[in-house]
Amino acid sequence: MEPDERMMARLKAGCICKGVKLIRLIEAIENGAATFEQVAVVCGIGDGPCKGKRCGAKVQQLLLARDGLG
Ligand code: FES
């Protein structure tokens with residue numbers, strides 16, 4: 001990930017419902033979280049009003065990108 005992408009991820013929402021920035025999701029995956037459920041536990045996301053609909057899609061994108069499929 002490019003440094004400017006990381007910078008932007010500090011500003012962008014990861015989980016809008018819980019007010020968690022995108023960088024937290026990225027760091028969780030870098031630290032070994034391999035599924036949405038694992039990222040959700042580490043970051044405290046996924047149980048807001050949308051029940052993980054929005055942040056779940058972002059985590060899936062990040063996991064695909066990590067695997068070179070995104
Ligand atoms: S955006 Fe994460 S629970 Fe709604």
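Predicted model: local features only at pLDDT ≥ 70, side-chain atom pairs only at ≥ 80, totals over all residues.
**Entry 1: Glu27**

I looked up where Glu27 sits and found its place in helix α2.

**Entry 2: α1 against α2**

Next I turned to the pair made by helix α1, residues 3-11, and helix α2, residues 22-30, and I wrote down a packing angle of about 125° with the axes 6 Å apart. The two helices are therefore oblique to each other. On the α1 side I listed Arg6, Ala9 and Arg10, and these meet Leu22, Ile23 and Ile26 of α2. Sorted by class, this contact holds 4 nonpolar residues and 2 charged ones, with no polar residue.

**Entry 3: α2 against α3**

I then followed α2 to its contact with α3, where the angle is about 120° and the axes lie 10 Å apart. The crossing of α2 with α3 is right-handed. From α2 the residues Arg24, Leu25, Ala28 and Ile29 take part, and they meet Val39, Val42 and Cys43 from α3. When I sorted this contact by class, I had 6 nonpolar residues, no polar residue and 1 charged residue.

**Entry 4: Asn31**

Between α2 and α3 there is a loop, and I found Asn31 in it. Asn31 counts as exposed, because 10 C-beta neighbours lie inside 10 Å. I also looked up Asn31 together with Ala57, 26 residues apart along the chain, and noted that their C-alpha atoms are separated by 19 Å.

**Entry 5: Lys51**

My last entry concerns Lys51, whose place is in the loop between α3 (36-43) and α4 (53-66). I looked up its backbone and noted that phi is positive, about 60°, although Lys51 is not a glycine. What does its neighbour count inside 10 Å say about Lys51? I found 11 C-beta neighbours, so Lys51 counts as exposed.

Technical notes:
Residues numbered from 1 in each chain as written. Axes fitted to C-alpha atoms, helices over the stretch in contact; angles between N-to-C directions. Helix = DSSP H or I, 4+ residues; strand = E, 2+ residues; numbered from the N terminus. Parallel < 35°, antiparallel > 145°, perpendicular 65-115°, else oblique. Contact = placed C-beta atoms within 7 Å. Nonpolar A, V, L, I, M, F, W, Y, C, P; charged D, E, K, R; others polar. Buried ≥ 20, exposed ≤ 12 C-beta atoms within 10 Å, placed from the backbone. Left-handed = near helix turned anticlockwise from the far one by under 90°.
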